[in-house]
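Biologist: Can you take me through the charged pairs and the nonpolar packing here?

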Amino acid sequence: MSESVLTLFDASVKRFNKRPAIQYFCPQKNTWTIKTWAETSVSVNRLANALKSLQLESGARIAILSMTRPEWVMADIATMKASSVVVPIYHSSLTDQIAYILADAEVSAIFVENDLQLKKIRALETSLHLKKIVIFDRVDGPLLANEIYFDDFIDNHNEICPSPQADPK
């Protein structure tokens with residue numbers, strides 16, 4: 001029997017609980033940060049619950065427009081835990097390429113890395129009708145009604161989020 005990404009993630013959390021899962025350099029603090037499997041699991045589950053709070057249909061598409069970073073990994077796994085489909089987009093994609101991908105995939109929400117990526121999405125927003133735009137880094141200026149920072153998005157959600165059960169078919 002093949003195992004899903006979610007099954008493998010949950011098994012790794014149980015097996016390596018206190019061991020490092022993600023290590024990255026934080027330029028704002030000028031230091032390396034380590035997140036254990038347990039800490040990563042809490043963040044992923046809280047993010048999955050935040051996504052579920054959007055009340056998207058099962059199988060809804062959620063895009064990620066960002067360079068590889070810890071939030072990208074958490075958004076990817078949390079999207080699957082929320083019974084949605086990940087639509088990855090290269091951070092170097094041009095606005096017209098992004099527009100095509102988002103429209104073709106019928107994306108409902110998107111994670112963006114920073115101000116540069118947010119500007120690309122804002123340029124398209126009138127034609128996309130995205131329910132939520134989640135931003136990893138702080139940006140200049142006020143956010144629009146459907147925009148929220150990553151940390152704020154998960155702040156009010158608990159960590160209990162079981163992985164969806166595989167369809168027995």
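Predicted model: local features only at pLDDT ≥ 70, side-chain atom pairs only at ≥ 80, totals over all residues.

Biologist: How many salt bridges?

Modeller: Eight, taking a salt bridge as a side-chain nitrogen of Lys or Arg within 4 Å of a carboxyl oxygen of Asp or Glu.

Biologist: What does Lys119 pair with?

Modeller: Asp115, with 3.2 Å from N to O. Helices (H or I, at least four residues) and strands (E, at least two) are DSSP runs, numbered from the N terminus.

Biologist: Is Lys119 buried or exposed?

Modeller: Exposed, at 52% relative accessible area, while Asp115 is partly exposed at 21%. Buried means under 20% relative accessible area, exposed over 50%, and partly exposed in between (1.4 Å probe, protein chains only).

Biologist: And which residue does Arg122 meet in a salt bridge?

Modeller: Glu147, at 2.6 Å from N to O. That pair links distant parts of the chain, 25 residues apart, with Arg122 in helix H5 and Glu147 in strand E7 (residues 147–149). Glu147 is buried at 6% relative accessibility, whereas Arg122 is partly exposed at 29%.

Biologist: Which residues are linked in a network of salt bridges?

Modeller: Arg69, Glu71, Glu113 and Asp137.

Biologist: Switching to the inside. In the largest nonpolar core, which residues touch the most other members?

Modeller: Leu47, Leu51, Phe111, Phe150 and Phe153, out of 27 residues in that core. A nonpolar core is a set of buried Ala, Val, Leu, Ile, Met, Phe, Trp, Tyr and Cys residues joined through side-chain atoms within 4.5 Å.

Biologist: Which element gives the largest share of this core?

Modeller: H2, with six residues. The elements that give two or more residues include helix H2 (37–52), helix H3 (70–81) and strand E5 (107–112).

Biologist: What does Phe150 touch?

Modeller: Leaving out residues up to four places away in sequence, Phe150 touches Leu47, Glu71, Phe111, Val134, Ile135 and Phe136. Contact means heavy atoms within 4.5 Å. Glu71 also belongs to the salt-bridge network with Arg69, Glu113 and Asp137.

Terms used: Residues numbered from 1 in each chain as written. Heavy atoms only, no water.
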